[in-house]
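Please keep the sequence and the 3D view at hand while reading.

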Amino acid sequence: MFYPDNFETKLGFDKIRTMLKGAVLCPLGSARIDQMKFMTKRSDIEYELALVKEMIEIMQESKTPMPTDGFFDLTEQLKRLRLHGTFLEADDLFNLRRSLGAIIDLVKFFNPKEEEGRKTFPLMKAITTDVMVFPDLCRKIDRTLTPTGEIKDNASPALADIRRQLANTMSSISRLLNNILRSAQSDGIVDKDVTPTMRDGRLVIPILPSNKRKIRGIVHDESATGKTLYVEPAEVVDANNRIRELEGEERQEIIRILTAIANETRPMLPDIMASFDFMATVDFVRAKAKFAERIEATVPQMSNDGSLDWIHAKHPLLFIRYKNEGKASEIVPLDIMLDRRNQRIVLISGPNAGGKSVCLETLGLLQYMLQCGLAIPVAKNSLCSIFDHIFIDIGDEQSIDNDLSTYSSHLQNMKFFVRNATKRTLILIDEFGSGTEPQIGGAIAQALLGKFNESKVNGVITTHFTNLKHFAEETQGIVNGAMLYDRNGLRPLFKLEIGHPGSSFAIEIAHKIGLPQDVIETAKTIVGSDYVNMDKYLQDISRDKRYWEQKRQKIHQQEKDLEERIAKAEEKASELKNKRQEVLQKARDEAAALLKEANSRIERTIKDIKEAQAEREATRSIRKNLETFKEQIVNKAGEKPESKKKAANAKDKQEEVPQRPFLVGDNVRLKGQTTIGQIVSVNGRQCQVAFGMIRTNLDLSRLEHVSRSQIRQEAQNSIVGGIHDPSVSDEIRQRRLNFKHEIDLRGMRADEALSAVTLFIDDAMLLDISQVRILHGTGTGALRQAIRTYLSSLKGSVNFHDEHVQFGGAGVTVVEIL
């Protein structure tokens, strides 16, 4: 339970819902976001957070992106389809097909096959267990609709016949109307540039009102100015009527086809609705993960003892605003801890505009987000707790209608807190005790604070009352906290420090604002030197504690770094030790095996010599076999140093061979490629190379010589192996997939454009691309002429022409590679 009723608005959670809706793919996800509610069962919260964590991992680490096309909300249309005689219009049927296809893709994505080598996400996979897919229905719809969602002509024989009649009738009307139009134009009744047009689904001719009697027919419409009439000649009236009849027949046949599909779909509606529910879940979880990425959120650990320990917590709305303004680094994160024994309630004091209210709102909003199943922006090593109730008293709730003052509204809230708060309640109270006479207000606030402490609630309370600070210092379960303030710079630091009360810095702020010095001195006299000195001592304690806290944190960080280095060193030493033991054990095993085999061979050799009775030839043969075995053992032990040295020397000699100049007729290939070509011509640092039937211009620095022996060796390898190098094949295939068939040169200088075009055409030739487009614009025509001149130099390799006027005309050159 949460309190008050406008809890979400007070903390800004309504804005969080709006941002989440901005990340969904369809209204199905938005509906889930509207249904998202505060949960108190730990297992439910952990499950929702685990889903978000998996989805974040999918978006950040998955090699294959999750399918996101085809998300449509058709729940209302499917509900209407339950009634017999109803059907889905073509657009809705097309969207249903796309959604069913998306569900199939999602189920496949979350259930990868072993050969795909993709990681499995168990929670998302489990959601797909009971999800039904409908490939047969998809095929049925595919036979009925075109890829753009139109009813196919061959959806039924009757529809094909009707559309054929429509086409023939339209064609005859068009021919007849054109004849009438040409005759009217030759008679001067109609302008030369006039063409037939459509009005109310009928073909008509635009004419001047003065000529309407000169063409026999029916006037269907006139222009807004009244200067043009649209006349349907009498000769085509019957044909146009026939078109209307055929269109009606076409609509009836389409309804019959759609109704037949609806009748087949109706028994599957419950399973289809369940599948759409699965798609809504995916959309909902994805939106939560997208929002988590936006606010740099994590899924923290849950504590087992009910304690809360947040490290580097950030207010998400404040973080987004500062991030959009480019000031995300200026956010001061919040560190706060609550437990069930000694630090149940934190009483925060400090200067106004020092961050006390933001601290409350951050704690309340993040806890509510967490229990709604959202990741929150805290450090990964933070600990979170679950509360049954969250009560807040933030802001002014005065109401003229209810005759409530500011203080009365606070007391109403406190009455509700006292009656309903339990040890699993989180209370957040801002400006505790304010709004009335300070002495009695402070006394009531102290009594309430004692009552909350007795109920063992957790909470964070802000105040300026000194009696509450003293009470917190003396009472177990309540601790003081201070919002730090830079006394020298007279600015708040927005950092919470637990363990001591904070000063209001009223005197310093009065100095900064420019209040008259005599007024400030009078105020000091009124409150007395004890109060002024106590406030000063509090500031000094705060400053000293901050200094030593920074020292402590620095030492702690250094110790942590040292521990990490020691752990890494020990892990590496242990790994090396294990590896050494494995190598030694392997060597021992191999040596033992070799020794055993050698002993066995020697014993067999002695036995064979004895059986041969020392015959010379037999003995020599046996010794030879023993020598062969000895060489095998040496080979197993490794390659001889002499052979390694010879190989290294041979490699060095090979690398020392100087690169000879490239000449016409030389066999060459692109560096890193295997296809061999022959140089046709050389022009400075450029040359033309023929790769089979393809010729291309290349820079000499991209080529390397190929000797005849290498050509023979590679030819022999191809004959023996019968296959090509798969790595090269994969590289070419990948380059073809990534190749863009269009290059945009607009805005480039001529020399830059020619260099880019040269590489572009070379790549297209190499990858066997048949046609490419070059966007150069019209402008002065200089860039177009330079490109055309270069393309003309490739005569025999390419043809080129202007693009069609609808797709760019003279501003685009289409190159066909021969």
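## A buried isoleucine and its surroundings

Ile33 has a relative accessible area of 0%, so this residue counts as buried. The model discussed here is a predicted one. Ile33 belongs to helix α3, which covers residues 27-35. Apart from residues up to four places away in sequence, Ile33 touches Arg17, Leu20, Lys21, Val24, Phe284 and Ala287. Leu20 is 13 residues away from Ile33 along the chain, and the C-alpha atoms of the two are separated by 7.2 Å.

## The protein as a whole

The protein has 818 residues, of which 39% count as buried. Its secondary structure comprises 25 helices and 24 strands. Among contacts between residues at least 6 apart in sequence, 69% join residues at least 24 apart. The accessible surface is about 47,500 Å², and carbon and sulfur atoms account for 52% of it.

The largest nonpolar core contains 109 residues, and Trp310 and Met369 have the most contacts inside it. Helix α11 (residues 269-294) supplies the largest share of this core, 14 residues. Beyond its neighbours within four places in sequence, Trp310 is in contact with several residues, including Leu334, Ile336, Leu363, Leu366 and Val378.

## Aromatic pairs

A search of the whole structure gives 14 aromatic pairs. A pair of aromatic rings is described by the distance of the centres and the angle of the planes.

| Pair | Distance of centres | Angle of planes | Arrangement |
|---|---|---|---|
| Phe2 and Tyr368 | 5.5 Å | 85° | edge-to-face |
| Phe7 and Tyr368 | 4.9 Å | 50° | tilted |

Phe7 lies in helix α1 (residues 7-11) and Tyr368 in helix α13, so their pair ties together parts that are 361 residues apart in sequence. Phe2, in strand β1 (residues 2-3), is 366 residues from Tyr368. Is Tyr368 buried or exposed? Tyr368 is buried, with a relative accessible area of 1%. Phe7 is buried as well, at 0%, whereas Phe2 is partly exposed at 30% relative accessibility. Ring pairs join Phe2, Phe7, Phe13, Phe38 and Tyr368 into a cluster.

Another ring takes part in a contact with a charge: the charged end of Lys327 sits over the ring of Tyr322, 5.2 Å from its centre.

## Helix α15

Helix α15 (residues 438-454) has 17 residues and reaches 24 Å from its first C-alpha to its last. Among its buried residues are Gly441, Ala445, Leu448, Leu449 and Phe452. Just after this helix, Lys456 takes a positive phi of about 60°.

Terms used: Residues are numbered from 1 along each chain as its sequence is written. This is a predicted model: local features need pLDDT of at least 70, side-chain atom pairs count only at pLDDT 80 or more; totals for chains, interfaces and linings use all residues. Side-chain values use heavy atoms; hydrogens and water are left out. A nonpolar core is a set of buried Ala, Val, Leu, Ile, Met, Phe, Trp, Tyr and Cys residues joined through side-chain atoms within 4.5 Å. Buried means under 20% relative accessible area, exposed over 50%, partly exposed in between (1.4 Å probe, protein chains only). Helices (H or I, at least four residues) and strands (E, at least two) are DSSP runs, numbered from the N terminus. Contact means heavy atoms within 4.5 Å. The expected span of a helix is 1.5 Å times one less than its number of residues. Accessible areas come from the Shrake-Rupley method with a 1.4 Å probe; for residues, only the protein chains shown count as cover. Rings of Phe, Tyr and Trp (its six-membered ring) pair if their centres lie within 6.5 Å; planes under 30 degrees apart count as stacked, over 60 as edge-to-face and the rest as tilted. A charge sits over a ring if NZ of Lys or CZ of Arg is within 6 Å of the ring centre and within 35 degrees of the ring normal.
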